[in-house]
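Hi everyone, thanks for making time for this. I'd like to walk you through one model, so let me put it on the screen.

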Amino acid sequence: MNLLIIGGGGREHALAWKVRQSPLAERVWVAPGNGGTAREPGIENVSISANDIPSLVAFAREQAVELTIVGPEAPLVAGIVDAFAAAGLRCFGPRAAAAQLEGSKQFTKDFLARHGIPTADYQSFSDEAEALAWLEARAPFTRPVVIKADGLAAGKGVIIAEDLAQARASVHAMLSEQQFGAAGQRLVIEEFLSGEEASFIALVDGKTLVPLASSQDHKARDEGDNGPNTGGMGAYSPAPVVTAELHERIMTEIMRPTVWALAEEGLRYRGFLYAGLMIDAEGAPRVLEFNCRLGDPEAQPLLMRLQSDLVQLCLDACDGHLSEAPLNWDSRVALGVVMAAAGYPDRPKTGDIIQGLEAVAQTPDCKVFHAGTQAQEGAILSSGGRVLCATALGADVASARATVYANLEHIHFDGGFYRRDIGHRALARVTAPEQAS
């Protein structure tokens, strides 16, 4: 069948690469794609923006596309699945009403509170004076507060304020200075949760949930989990923090109740459902956020490990026929490290020639996925903040990580950098990788 992937980042390169391996795939397009997908055998870029929904619908009609998989959140929140459905086209992802789980922090927090799903305590504000008065009543802080732009802010709309001065400045920047534009016209202030983060992603067909393997992202830009928040500097799967016992708690206390509560409210959720979780010292999970798509960079190691047919899974979810049978996974660890541009995340430098990609052996166990790149006159240039994600499989975290960092030594562009400690939490644990699912 003819297949279309929407988006142009590292997640979409990984999706297209995995989809192309399906025996069901005949032609695979990526809109708009990137420099990596442009060079991928059997995959073709289409110069249509991921947010140009009418043009994407028209293309899918003209090319008889039988399945479209949406990578990024913005078109999902804007209603791309609704538009495809209206045109009689199968599109994998939640409709706009259900995609509010990612599109609005206030919607999500109110939803979680309504249904007793564990998360941090919070308040939401659109008036700066009210927000500042609420903060001042709680000063001095005994722990940081987390200030989040309500809408989509490309992974940058979260500030962890250590004291009142920083909290005041963040509120003013969002509400008065429009630091995040329309996304920050309302904000959520919530308690700071301590513990270890984990990403838990499932395929959902409206009622049935099929969990993917566990994974863990690294949000902070710098080593030791320091520096500003980013869209993600690296990830690995499986995540030892997600034991079999914790996996069942997450399914029982968070994932199933969320899908069932959405259905009760008339929002039949179909697509990837991603819960960003904080696991406290007692092993209790609480929701930090929901995303309505695959994570990036979690998608890259997850899809390297996935052995089940992704196309068939998405078709079954679209049609409401997901089987509860577990998916097939490579038993090895997959780890990915993001190479980012100078100035990321605030003002990334672009337009630099990337050298050394040809020196990296591209095998089923080792892959450099492109994110912010473009092909130009035979060269690959940087075009975004997160530029590449070098990913590899290994017998354990240490071996997968060694392969990735050895490959990154070959790749260079002006100001390009990466964290050198991805997977440090897993390495610090004595739990064997195969004990995490």
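Let's begin in the loop between α3 and β4 (67–70), which is where Ala64 sits. Ala64 has a positive phi, about 50°, although it is not a glycine. Keep in mind that what you see is a predicted model, so let me say a word on confidence. The pLDDT averages 94 over the protein, and 98% of the residues score at least 70. The stretch to treat separately is residues 430–437, where the pLDDT is below 50. Beyond near neighbours in sequence, that stretch has 14 contacts in the model.

While we're on backbone geometry, here are two cis peptide bonds. One joins Ala31 and Pro32, with omega at about 0°, and Pro32 belongs to strand β2. Another runs from Ser237 to Pro238, again cis, with omega near 0°. Pro238 is found in the loop between β15 (234–237) and α10 (244–264).

How many aromatic pairs does the structure hold? There are six aromatic pairs, and the one I picked is Trp29 with Phe59, an edge-to-face pair. For those of you who like the numbers, the centres are 5.3 Å apart and the planes stand at 90°. Trp29 is in strand β2 (residues 27–32) and Phe59 is in helix α3 (residues 53–62), so this pair ties together parts that are 30 residues apart in sequence.

Now for some helix packing. Helix α6 (residues 96–103) and helix α7 (residues 105–115) have axes that come within 6 Å and cross at roughly 95°. With that angle, α6 is roughly perpendicular to α7. Which residues meet there? From α6 we have Ala97, Gln100, Leu101, Glu102 and Gly103, and from α7 we have Lys105, Phe107, Thr108 and Phe111. Sorted by class, the contact has four nonpolar, three polar and two charged residues.

The other packing I'd like to show is helix α8 (residues 128–136) against helix α9 (residues 164–175). Their axes are 10 Å apart, and the angle is about 165°. Angles over 145 degrees count as roughly antiparallel, and that is how α8 lies relative to α9. The crossing of α8 and α9 is right-handed.

On the α8 side, the contact is made by Glu128, Ala131, Leu132, Leu135 and Glu136. Facing them from α9 are Leu164, Ala167, Arg168, Val171, His172 and Leu175. How do the residues of this contact divide by class? The contact of α8 with α9 has seven nonpolar residues, one polar and three charged.

That's my tour, and I'm happy to go back to any of these spots on the screen.

How values were computed: Residues are numbered from 1 along each chain as its sequence is written. This is a predicted model: local features need pLDDT of at least 70, side-chain atom pairs count only at pLDDT 80 or more; totals for chains, interfaces and linings use all residues. Side-chain values use heavy atoms; hydrogens and water are left out. Axes are lines fitted to C-alpha atoms, for helices over the stretch in contact, and angles run from 0 to 180 degrees between N-to-C directions. Helices (H or I, at least four residues) and strands (E, at least two) are DSSP runs, numbered from the N terminus. Angles under 35 degrees count as roughly parallel, over 145 as roughly antiparallel, 65 to 115 as roughly perpendicular and the rest as oblique. A crossing is left-handed if the near helix is turned anticlockwise from the far one by less than a right angle, and right-handed if clockwise. Contact means heavy atoms within 4.5 Å. Ala, Val, Leu, Ile, Met, Phe, Trp, Tyr, Cys and Pro count as nonpolar, Asp, Glu, Lys and Arg as charged, and the others, Gly among them, as polar. pLDDT is the predictor's confidence in each residue, from 0 to 100. Rings of Phe, Tyr and Trp (its six-membered ring) pair if their centres lie within 6.5 Å; planes under 30 degrees apart count as stacked, over 60 as edge-to-face and the rest as tilted.
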